[in-house]
Amino acid sequence: MSVRDALATLVARFDLPAGAEDALDAYLVLLAEDPTAPTTVTDPRRAVDEHIADALVALDLDVVRAATRVADLGAGAGVPGIPLAIALPTAHVTLVDSLERKGAFLRRAVDVTGVQNVDVVVARAEAWPAGRELHDVILARAVAPLGVLAEYAAPLLALGGSLVAWKGQPEPEEEADARYAAELLGLEVEDRRPVTPWAGAERRSLYVLRKVAPTPSRYPRREGMARKRPLRAADRPA
Ligand SMILES: C[S@@+](CC[C@H](N)C(=O)[O-])C[C@H]1O[C@@H](n2cnc3c(N)ncnc32)[C@H](O)[C@@H]1O
């Protein structure tokens, strides 16, 4: 199947708005042609599956379809935030990455796709106070273990909002740590949805952690701590 045919299939599968196919195609061209693109998946046919379909599969979740204020933490080359911003033109999407060179690429991606509902923030997720409690959905793919993501996301979510995290097959320990972190942060692990973004994709799931209580103001801990000293189930007081 050609790249255009594969994109047209995704447009139909996810009922994407007018103009989405051209915008996604422009994004694929940028990934393929910009030598600074921060991804190893630059071949457009592979990128349709591994970037575009993998991002859009989150539209299977009602919380994502209904989102109005979204942030993609550790957006890198723009996945999943750019494809989802194209799919959800009435949502505002903030792409957050800690590195300026990623921010520069993300700004180019916003330009070439023509998306109007996106802004780019260069900051660490845990050092972005302006984002606190603003979001109904936080997205994260390939950024950190689930418990660490919970600490990044919880303060940024409004009550009732959800962290949606792309995961392969986490070890039971990662899941146990995430459940413990969630308890401390005011989150609840609500769903682990197996997904098949493209034919043949294996062992992929979306975790949904909903914010059910205010996050204590001591979170996030200071920059780098969530990663360096993650909240662990093994440290649960007896
Ligand atoms: C492996 S890349 C994944 C990029 C993209 N989400 C994807 O799936 O293709 C991880 C990205 O997260 C960023 N990152 C790591 N820790 C971060 C943090 N605490 N806050 C913001 N960005 C972070 C890195 O700079 C990098 O661009």
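Author: One definition comes ahead of the rest: two strands pair if DSSP finds at least two bridges between them. The model is predicted.

Reader: How many helices and strands does the protein have?
Author: The C-alpha trace spans about 60 × 35 × 30 Å along its principal axes. Within the protein there are nine helices and seven strands.

Reader: What is the radius of gyration, and what would a compact globule have?
Author: For 238 residues, a compact globule would have a radius near 18 Å. The protein agrees with that, so the value to note is 17 Å.

Reader: What share of the contacts with a separation of 6 or more is between residues 24 or more positions apart?
Author: Burial comes first: 44% of the 238 residues count as buried. Now take the contacts with a separation of 6 or more. Residues 24 or more positions apart account for 70%.

Reader: What is the strand order in the sheet?
Author: The sheet is open, with seven strands and mixed pairing. β3 (118-122) and β6 (187-195) pair on one side only, so they are its edges by line of pairing. The twist averages 20° from one strand to the next. The order is β3-β2-β1-β4-β5-β7-β6.

Reader: Which residue of β5 is the bridge partner of Arg141?
Author: β4 and β5 share six bridges. Their pairing is parallel. In β5, the partner of Arg141 is Trp166.

Reader: Which residue of β7 is the bridge partner of Lys167?
Author: β5 (157-167) also pairs with β7 (204-211), through six bridges. These two strands run antiparallel. The partner of Lys167 in β7 is Ser205.

Reader: How many residues of β5 are buried?
Author: Buried here needs 20 or more other C-beta atoms within 10 Å. β5 has 11 residues, and it is largely enclosed by the rest of the structure because the buried ones number eight.

Reader: Which residue of β2 is the bridge partner of Leu73?
Author: Four of the five residues of β1 are buried, so β1 is largely enclosed by the rest of the structure. Five bridges join β1 to β2, and the two run parallel. The partner of Leu73 in β2 is Val96.

Reader: At what angle does α6 run to β3?
Author: Helix α6 (100-113) packs on the sheet. It touches β2 (92-97) and β3. Its direction makes an angle with that of β3 of about 170°.

Reader: Is Glu151 buried or exposed?
Author: Glu151 lies in α7. Its contacts beyond four places in sequence are Ala181, Leu185, Tyr219, Pro220, Ala226 and Leu231. Met225 is 74 residues away along the chain, with a C-alpha separation from Glu151 of 9.9 Å. With 25 C-beta neighbours inside 10 Å, Glu151 counts as buried.

Reader: Are α1 and α3 roughly parallel or roughly antiparallel?
Author: Val3, Ala6, Leu7, Leu10 and Phe14 in α1 meet Pro44, Arg45, Val48, Ile52, Ala53 and Leu56 in α3. By class, this contact has 10 nonpolar, no polar and one charged residues. The angle between α1 (3-14) and α3 (44-56) is about 10°, with the axes 10 Å apart. Angles under 35 degrees count as roughly parallel, and α1 and α3 are therefore roughly parallel.

Reader: Is Thr40 buried or exposed?
Author: Thr40 is in the loop between α2 (20-33) and α3. Thr40 has 9 C-beta neighbours inside 10 Å. A residue with 12 or fewer is exposed, so Thr40 counts as exposed.

Reader: What is omega for the cis bond from Tyr219 to Pro220?
Author: Another bond, from Val79 to Pro80, is cis with omega near 10°. Pro220 sits in the loop between β7 and α9 (225-228). For the cis bond joining Tyr219 and Pro220, omega is about -5°.

Reader: What is the phi of Arg203?
Author: Arg203 is in the loop between β6 and β7. It is exposed, with 8 other C-beta atoms within 10 Å. Arg203 is not a glycine, yet its phi is positive, at about 50°.

Technical notes:
Residues are numbered from 1 along each chain as its sequence is written. This is a predicted model: local features need pLDDT of at least 70, side-chain atom pairs count only at pLDDT 80 or more; totals for chains, interfaces and linings use all residues. Axes are lines fitted to C-alpha atoms, for helices over the stretch in contact, and angles run from 0 to 180 degrees between N-to-C directions. Angles under 35 degrees count as roughly parallel, over 145 as roughly antiparallel, 65 to 115 as roughly perpendicular and the rest as oblique. Two residues are in contact if their C-beta atoms, placed from the backbone, lie within 7 Å. Ala, Val, Leu, Ile, Met, Phe, Trp, Tyr, Cys and Pro count as nonpolar, Asp, Glu, Lys and Arg as charged, and the others, Gly among them, as polar. The radius of gyration is taken over C-alpha atoms; the globule rule is 2.2 Å times the number of residues to the power 0.38.
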